[in-house]
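Colleague: I am new to this structure and would like to learn how to read a few of its features. Could we go through them together, one by one?

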Amino acid sequence: MGYRKAEEILPVEIIELIQQYIDGESIYIPRKSSRRKAWGTGTQIKQELLRRDKQIYEDYLAGSNTGELACKYFLSEKSIQRILRTQR
């Protein structure tokens, strides 16, 4: 996310109004809810996590325990247990 200069896109009256509440600081203006994107839609992370979780489950079925899987995948044992529950 990049920053844009307010004076390049907003009328002076709106800038002055905003300055009454916050002067010289950065603020975040969220997207309209109708234009929000679902998590992971801009990248392949969802698919990567699904592949990882499937591999964790396959490793578990092959005999690895939750402690070993936690070390191998750099996750907590609780996260491994949650993944295993979801994959079953």
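Colleague: Where is the place of Leu10?

Modeller: In this predicted model, Leu10 sits in the loop that lies between α1 (6-9) and α2 (12-21).

Colleague: Is Leu10 buried, partly exposed or exposed?

Modeller: Buried means under 20% relative accessible area and exposed means over 50%, with partly exposed in between. Leu10 has a relative accessible area of 30%, so Leu10 is partly exposed. Together with Ile9 and Ile14, Leu10 forms a nonpolar patch on the surface, and the accessible area of the three together is about 220 Å².

Colleague: How should I read a helix, then, and which residues of α5 are buried?

Modeller: The general idea is that an α-helix has 3.6 residues a turn, so residues three or four places apart point the same way. In α5, which spans residues 77-87, Ile80, Ile83 and Leu84 are buried. They lie on the same side of α5 because they cover an arc of only 100 degrees around the axis.

Colleague: What does the face of α5 turned away from its buried side carry?

Modeller: That face carries Lys78, Arg85 and Thr86, which are exposed. As for the buried residues of α5, what covers them includes α3 (45-61) and α4 (66-73).

Colleague: Within helix α4, is Thr66 buried or exposed?

Modeller: Thr66, which lies in helix α4, has a relative accessible area of 18%, and therefore Thr66 is buried. Leaving aside residues up to four places away in sequence, Thr66 touches Glu77, Ile80, Gln81 and Leu84, and of these Ile80 and Leu84 are among the buried residues of α5.

How values were computed:
Residues numbered from 1 in each chain as written. Predicted model: local features only at pLDDT ≥ 70, side-chain atom pairs only at ≥ 80, totals over all residues. Heavy atoms only, no water. Patch = residues over 30% accessible without salt bridge, like charges linked within 9 Å, V, L, I, M, F, W, Y side chains within 5 Å. Areas by Shrake-Rupley, 256 points an atom, 1.4 Å probe, with all protein chains shown as cover. Salt bridge = Lys/Arg side-chain N within 4 Å of Asp/Glu carboxyl O. Helix = DSSP H or I, 4+ residues; strand = E, 2+ residues; numbered from the N terminus. Buried < 20%, exposed > 50% of the residue type's maximum accessible area, 1.4 Å probe, protein only. Arc of directions from axis to C-beta. Contact = heavy atoms within 4.5 Å.
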